[in-house]
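Let's walk through this model one piece at a time, with the sequence and the coordinates side by side. Keep your viewer open and follow along.

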Amino acid sequence: MIKKLLITVVLLGLLSPFMVLAYYYFSYDYDISSLTNYKPKVTSRIYDKNGEKIANIFDKKHRYYAPFEEIPPRVIEALVAIEDTNFFEHSGVNFDAIFRAIIKDIKARKMVEGASTITQQLVKNKLLTREKKISRKIKELIYSYKVEQALTKEEILERYLNEIYYGHGYYGIKTAADGYFHKKLSDLTLKEMAILVGLPKAPSTYAPTKNYEISLGRANRVITRMHVLGWIDDKTFQEALAERPVVYNGTLTQNRAPFIVDEVVRRLKKMGIDDLRSGGYEIHTTIDLNLQKAGEDAVKYAYNKALERIEKYKEKDLARKKWDKNYELQDVNVSQLNGALVSLDSKTGDILALVGSYDYKVSSYNRATQGKRQPGSAFKPFIYQVALNLGYSGATKLVDNAQTYAYKKNGQDMKWRPKNYEKDYKGLVTLREALVHSRNLATINLVNEIGLAQLVTELKKFRIKNLPSDLSISLGTMSMSPLELAQYYSAFANYGVEVEPHLISSIKKDGDVLYTKAEQAFKVSEPTQAFILTTILRDVVKRGTGQRAGVNGIELAGKTGTTNNNVDGWFAGYSPTIETVVWFGNDNNTPMYHKETGGRISGPAFAYYFREVLRLYPQIQRKFDVPEGIIEVDINGQKEYFSDISKPPRVEEEEDPEAELLF
């Protein structure tokens, strides 16, 4: 009787673990759909035109996804060697390993060895909490068994390598490879692979950005295990042990151009993409990160120079106030001063650089795209382009004298007496000289000659918004952003063809192309007429109001713009291939200090930028192409340009009878 009882107790002791497992197996609903239908939130990436990463966009977890085919076999070998050598033989749970671990733990009287398989680790991370209870461990075993029945070994490995945490905020091995080493999985060395597969055991301890030597020690154990198993030869073993990889300690977002990132997010939202932070999109932009940096530096440079001038002027003003009590000091609020820059490829409209303030950390408001300001005299070239399209030429004489214009405002009779910036009058001046020196009165008289109605009709071809229907159009009183002005200026830079600006060139997801830019172009002038205007704007930079924008070694054309009371200061211009607009002003629309002009404050930023363009891309085209049909005429020792539309004067009608026609 006693013998039977003992046999019964032993049998129950042997059977009880299986009875417990059976109880848990049939008592709970084990939902593994989050692994069988594995769709984690994936980081989106923004790139520049050369494939350089601009930033990562994600919600809470930074994760890139790597399908199994993208994972190098060596990574699998290293992982299996250190974590679960019998992975391809067991069914989710390695009972032999469990019993060995139990015996070692009993002998040591503490936990010295784990026995979790790769499948169990995946289950623990994805399906269970981290509570340390027997019931949780039992559920882990059952979950692991069910996962192994539902998924192939390759699918389990794919999910494991994409789900597990690798320290430093990196989820998934592809993320960690990019973050720690700035490499694709396929470019990793064996030592780098070993570092990565060794991380999940204790990410905070083994993270190479925190404990580099400890991380190398863990990696060397991985490599040694691979060598013991015969999976790598002696030479590979020794080389891997000796390697000390370069590790990067960057931010998770790696945001190298925050104004670009903000603008991309804004545009994608307008396109209806609401899952940008979790959808794993690849957004390729038109931005050149080198030029983006140049643009940021250019705006900062001009801003600092303006502050230096302000300090000098303040000292002079204070000194003057001491002896002239009636002298009024100008209220100065330096914190209101800011700037913006936008640069386009003249032919395609691709946005190469976009800078919304002198410092994103101080102000993230993007004045390049969202700031609407009056362009002032920077608008004049559109009026002059219309005149050239109608047959005027650079040699056409314009009247430059003062006039008074009567008008009504709110039922009241008003008078407008516009002036030149220099407060003088030339009487007669050529169209070229009127624009080179930004003569307001000559421009207003030109508008009157063309006729306001016809001018507005012609200007609508440029698709300029909110055109005023009065003479204030002569002085650029409509509002527009720097990006909008850059779009309109492309008609000059691109030989009469206005192009739509582009920031996003393509969007991809899971290998599928969701969007590709469609170039839009609108002809507004003949190439000859646009080129004639370019020669005038080239003179603006050489000897006119835009001399501070000039750069040795490259032809540049452009126009300054300064609004009433020096509220806005612009320089809009272009080289043979790149067009750039710079704006400066106070955010509260108050006058800039001591009559800062577009030429003085924005011209130097433009020049700084193009000096960087030449340094970065010395092979860039430096001279404007001359289109077919251009006629050069020497008039009184000065070149003038004509065409079939802007016809050259007859020699006998010229004041200089020795004028020479050059064809």
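The side chain of Asn-338 reaches the backbone nitrogen of Tyr-358 at 2.8 Å, which sits inside the cut-off for a polar contact (a pair of N or O atoms within 3.5 Å; within protein, one must be able to donate a hydrogen and the other to accept it, and residues adjacent in sequence count only if both atoms are side-chain atoms). This is a predicted model, so local features need pLDDT of at least 70 and side-chain atom pairs count only at pLDDT 80 or more, while totals for chains, interfaces and linings use all residues. Residues are numbered from 1 along each chain as its sequence is written, and side-chain values use heavy atoms, with hydrogens and water left out.

Asn-338 is buried, at a relative accessible area of 2%; buried here means under 20% relative accessible area, exposed over 50%, and partly exposed in between, with a 1.4 Å probe and protein chains only. Leaving aside residues up to four places away in sequence, Asn-338 touches Ser-357, Tyr-358, Ser-363, Arg-367, Trp-583, Phe-584, Gly-585 and Asp-587, where contact means heavy atoms within 4.5 Å.

Asn-338 belongs to strand β6; helices (H or I, at least four residues) and strands (E, at least two) are DSSP runs, numbered from the N terminus. That strand, residues 337-345, pairs with β7 in the antiparallel sense over 4 bridges, and two strands count as paired if DSSP finds at least two bridges between them. Within this pair, Leu-344 stands opposite Ile-351 in β7.

How many strands does the open sheet around β6 have, and in what order? There are 5, running β7-β6-β18-β17-β16 with antiparallel pairing. β7 (351-355) and β16 (557-562) each have a single partner strand, so one side of each is left without a neighbour in the sheet. From one strand to the next, the twist averages 10 degrees. Helix α21 (residues 598-616) packs on this sheet and touches β6, β7, β16, β17 and β18, its direction making about 145 degrees with that of β18. For such angles, axes are lines fitted to C-alpha atoms, for helices over the stretch in contact, and values run from 0 to 180 degrees between N-to-C directions.

Next stop: Gln-374, in the loop between β7 and α15 (380-389). Is Gln-374 buried or partly exposed? Partly exposed, with a relative accessibility of 33%. A polar atom of the Gln-374 side chain lies 3.3 Å from the backbone oxygen of Thr-477. Other residues touched by Gln-374 include Met-478, Asp-568 and Trp-570.

There's a second open sheet to look at, again with 5 strands, in the order β2-β1-β5-β13-β14 and with mixed pairing. Its edge strands are β2 and β14 (512-516), each pairing on one side only, and the twist averages 15 degrees from one strand to the next. β1 and β2 make a hairpin with 5 residues between them, and Gly-51 in the turn has a positive phi of about 85 degrees. Their pairing is antiparallel over 4 bridges, with Ala-55 in β2 as the bridge partner of Ile-46. With β5 (residues 281-285), by contrast, β1 pairs in the parallel sense over 3 bridges, and Tyr-47 stands opposite His-284.

In a regular strand the side chains alternate between the two faces of the sheet. In β1, Ser-44 and Ile-46 point one way, Arg-45 and Tyr-47 the other, and all are buried. Helix α13 (residues 258-270) lies across β1, β2, β5 and β13, running at about 55 degrees to β2.
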